[in-house]
Amino acid sequence: MAAALQVVAVLAGAPLVMGGMRQVRARLEGRAGGGIGQPYRDLRKLLRKQQITPQGTTVVFALAPAVAAGSTLLIAAIVPLIALGSPLDSAADLFGVVGLLFLGTVALTLAALDTGTAFGGMGSSREITIAALVEPTILLAVFALSIPAHSANLAAIVSAAMQNPGQVFSPGSVLAFVALVIVTLAETGRLPVDNPSTHLEVTMIHPAMVLEYAGPKLAVVEWASGMRLTVLLALLANLFLPWGVAATDPSALGVLLGLAAITVKVAVLASVLAAGEVFIAKLRLFRVPELLAGSFLLALLAVTASSFLATTTQ
Amino acid sequence: MTTALHNSPTVPALGEGARAAPPAGALAWLSGGLTAALGAVGVALGLSVIFGEPRQLRIGWLLPLVGVRLDLDPLGGLFLVATGAVSIAVGIYAVGYAQRERWARFPLAILPLFVAGMLLVPAAGSITTFLVSWELMAAVSLFLVLSEHRREAVRSAGVFYAIMTQLGFASILLALVVLSAAAGGDAFSTISAHVHDLSSGTKTTVFLLTLMGFGSKAGLLPLHAWLPRAHTEAPSPVSALMSAAMVNMGIYGIIRIDLQLLGPGPNWWGLTLMIIGALSAVFGVLQASVATDLKRLLAYSTTENMGLITLSLGAAILLRSSGAPTVAAIALTAALLHLLSHAAFKTLAFLAAGSVLAATGLRDLDKLGGLARRMPVTTVMFGIAALGASGLPLGAGFVSEWLMLQSLIHSPADGNTTLALAMPLSVGAVALTTGLGIAAMVKAFGVGFLARPRSAAAEAAQEAPASMLTGMTLAAAACAVFAVAPALLGPTLRQVLAVLPTVGGHAAGPQLGTFLRLPGVGGSLSPGLLAAALIIAVLLTLGLSRWGARHRPAAAMAPLWASGADTLSSRMQYTATSFAEPLQRVFDNVLRPDIDVEVTHFAESQYLVEKVTFRSRLADPVEQRLYTPVIRAVNAVAEWVRGAHTGSVHLYLAYGATGLLIVLLVTR
């Protein structure tokens, strides 16, 4: 039940997160902004538009948005956002979740290549380069997180963190958190890796890939990228600060509390992220690998720190 | 490197007479049918051994002095099943391929012999039988590689393959002779009984020599150079057999000799395997991600996957000796499962590449494209293979890579510094391999099959005939089993693990049910459930995107945006080279590309460019650094020895007589 609620919450909340972040940025930059509800209005507008198929594209182009959105929804059903004990929890651990995330990325890169336009190829080439370099960091961070829990299953990691709250401030945990923040930024196409609101094609990564989408398909793409950001922020929050996550078989009150907790956590994280974006510029594309190499090093330190600390305490 | 090949004997002319007339359909049916039938026998025999009693067979008269000795146990059975299954798919495929590609008679006729050689290797029960079948496999495969020996590239690949495979054989021969002399027996069972008497020096010698020999067969670094040549230039069914079945024999050798007979080895054996495996995996996938030749890309991907398997085997040794037999069993299961799934997806990938090659005559990804509309079935097949090779969920390689990662993260934390450093670095290596593997496979599929054709040949491509499609469908079905129902392989792997006690095989291995559960450590996965849930989620999304459909005008087609130009030409597309350019730039220091940019200006002005010539060449850096000096040294020695060859018959007779005298003196 909680898992279904998670899916619905992510579906419904994703535009809100996007709208909120844009509004925070707008206000900090001295603009009025479109209002928090603007993404909902955009989606409604796009969903009512004509379905346009670019000539020469195949089923890959047509299905990719649904695969990207579907894989994100599945992640929302698996990870413990509101409550522990999703029925799918033992079907996929954190490695499986990372795999699903990449499945969505790959679907969109293939769709971009399918168009055969210059920008499609450019976007997908850049996206896949970044994805390839992000993968080592993510998996090492998963490794670091799984050491205290002795498992890579999400419920185990989150409940281990709940039972031992002080562990959040251990060196391994802090390093893993920083590494995961960097890769979350890279995977969701935020500054400083990619600029989600750019209008300059040559600097684009994600927007270049989806340049050929229009109308309802574009709505799904936008929705999917919003959901991706929401799920990853929520997962990040719960992996390190699992306060308020309801236990297995929760009561209605527990679910409500969990929902409120995750809403607050995501709102805070998203606002901080948006505020931070005001002050930084996009990195040059070939400086991004340096950033990712840095995050890889942090993750490696996280793993060695946690395993050596685990060794000495036993 | 070609300079080194001048002195080598010229390639024997194969099937000279046969080329005039294309092979009759009958020969294609006979050879393909025989290959598939042999494969079926292999599968049946393998399964009967895995689930039944070990079988033995002695044929005293077939080999002088020792006779042929075949001992089948579950480990050999597993490799019989893998080889056999690959052969079934390839045999059926070869029927159509031989007719469409006018494969010469001689190589076509010896195709079943190659399969027979590969089936004999894991069945061999004694060193002599093992070596004879190994050499049969190596020699026949060389003739098969040379099928199109009229082309210079094929001859060069053939010489490379011949030299490396024979050097590897010499190394294995030496190792096994040392082993047999020290243990006082020819049969594996005798050696196994006396292995405790061996000194550690002998064991180390045998380990290093076999690692070199078997490593070169498995395409591990630094002895991988034959792989991208031979796999690329051989006819595609042969590439599939070599890449999906023959390289496995290298892994089989390492498991049989180093892990089972000599094991449990010291820790540094495990570490050596892990380092070689990790280097091969990362180097192989890096080369694959920048390769523009479709079959070369697949060949480097083989190096990558064999590297991952070797890494897992090394981890199993290390974990076993660190007192974690259950985790070692996970690592071993991961290695064996990855070996099987690699056989499935690599067969499919090479067969699909062969179908593209047959339809277009092209392997160059920069000239392919647009095949999704022209060869839909082949495209779907290659897509399944690429998904498997990239290790993503729903792909054939996902479960085994997941097991691999689980075995690496669950190492015991008992103050073992070696493990505490080796395991995170291995996770990093496996993760980088997976990440770059995704890039390589997206490039192969996205650039090669989607978008618009980049050449007239790709534009005129036509779908492959039915028998080729049938062969590919069988391999695709195997991929599907690995992707969603690895539970079917659970009992088989349990039986095989039971005969490998030296690497934790007797411990409770992972349970491969609907849910994969790992005993002793917390971890579970259900690939089938995950696939079903993903399909439901995608359908749900499709349903949700119908929202507002009532208000929409009728759907329409529209031209793609041509970046402001009048029409979109296929030259505006990204090619494989440009797709991989960012990666090439990031890994500049490792890949060391050779890039020339020449800008020609108009005579009137230095500011107007008349034309720009761009040339980029990616050579294998290991080859350049390691092989070139060796080849140069061999050439120098050969030059020096040539001084003795004056052409005088008397002198040659004197050499012969002296040689004979020396032999007589030595053996007196």
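**Figure 1. Where chain A meets chain B.** In this predicted model, the contact draws on 77 residues of chain A and 68 residues of chain B. On the chain A side, the elements that put in two or more residues are helix 2 (38-47), strand 1 (52-54), helix 3 (59-78), helix 4 (94-115), helix 5 (118-149), helix 9 and helix 11 (288-313). Helix 5 of chain A gives the most, with 18 residues. Sort the chain A side by residue type and you get 42 nonpolar, 27 polar and eight charged.

**Figure 2. A strand pairing that crosses between the chains.** Here strand 1 of chain A lines up with strand 6 (residues 556-558) of chain B. The two pair in the parallel sense, over three bridges. To get your bearings, find Ile52(A), which stands opposite Ala556(B) in strand 6 of chain B.

**Figure 3. Helix 7 of chain A, mostly covered.** Helix 7 of chain A runs over residues 171-187, 17 residues in total. From its first C-alpha to its last it reaches 24 Å, close to the 24 Å expected at 1.5 Å a residue. Of its 17 residues, 12 are buried. Among them are Gly172(A), Ser173(A), Leu175(A), Ala176(A) and Ala179(A). Towards the other end, the buried set includes Ile182(A), Val183(A), Thr184(A), Leu185(A), Ala186(A) and Glu187(A). An α-helix has 3.6 residues a turn, so residues three or four places apart point the same way. Just after helix 7 of chain A comes Gly189(A), with a positive phi of about 70°.

**Figure 4. Ser251(A), out in a loop.** Ser251(A) sits in the loop that links helix 9 (215-240) to helix 10 (252-279) of chain A. Is Ser251(A) buried or exposed? Ser251(A) counts as exposed, because it has 11 C-beta neighbours inside 10 Å, and the cut-off for exposed is 12 or fewer. If you also pick out Thr304(A), 53 residues away along the chain, its C-alpha atom is separated from that of Ser251(A) by 39 Å.

**Figure 5. The domains of chain B.** Chain B is split into domain 1 (21-263), domain 2 (265-539), domain 3 (584-619) and domain 4 (622-667). Between the C-alpha centres of domain 1 and domain 3 of chain B there are 45 Å.

**Figure 6. Helix 3 of chain B, with a kink along the way.** Helix 3 of chain B covers residues 105-123. Its 19 residues should span 27 Å at 1.5 Å a residue, and the end C-alpha atoms are 29 Å apart, which agrees. Where does the helix kink? Look at Leu111(B), shortly before the proline Pro112(B): the kink there is about 35°. Since 18 of the 19 residues are buried, helix 3 of chain B is largely enclosed by the rest of the structure.

**Figure 7. Two antiparallel strand pairs in chain B.** Strand 1 (residues 55-59) of chain B is joined by five bridges to strand 2 (residues 68-72) of chain B, and the two run antiparallel. Arg55(B) stands opposite Leu72(B). None of the five residues of strand 1 of chain B is buried, so this strand lies largely in the open. In the other pair, strand 7 (residues 594-601) of chain B runs antiparallel to strand 8 (residues 609-617) of chain B, with eight bridges between them. Asp594(B) has Arg617(B), in strand 8, as its bridge partner.

Figure 8. Most residues other than glycine have a negative phi, and most peptide bonds are trans. The peptide bond from Leu221(B) to Pro222(B) is cis, with omega near -5°. Pro222(B) lies in the loop between helix 7 (200-218) and helix 8 (226-233) of chain B. Leu394(B) has a positive phi, near 80°, and belongs to the loop between helix 14 (376-389) and helix 15 (398-409) of chain B. With 20 other C-beta atoms within 10 Å, Leu394(B) is buried. Ala451(B) also has a positive phi, of about 60°. You'll find Ala451(B) in the loop between helix 16 (417-449) and helix 17 (456-459) of chain B. Ala451(B) is buried, with 28 other C-beta atoms within 10 Å.

Key: Residues numbered from 1 in each chain as written. Chains lettered and ligands numbered in written order. Predicted model: local features only at pLDDT ≥ 70, side-chain atom pairs only at ≥ 80, totals over all residues. Helix = DSSP H or I, 4+ residues; strand = E, 2+ residues; numbered from the N terminus. Expected span 1.5 Å × (residues − 1). Bend = angle between axes of the 7 residues up to and from the residue. Domains from an automatic or database assignment. Contact = placed C-beta atoms within 7 Å. Nonpolar A, V, L, I, M, F, W, Y, C, P; charged D, E, K, R; others polar. Pairing = 2+ DSSP bridges.
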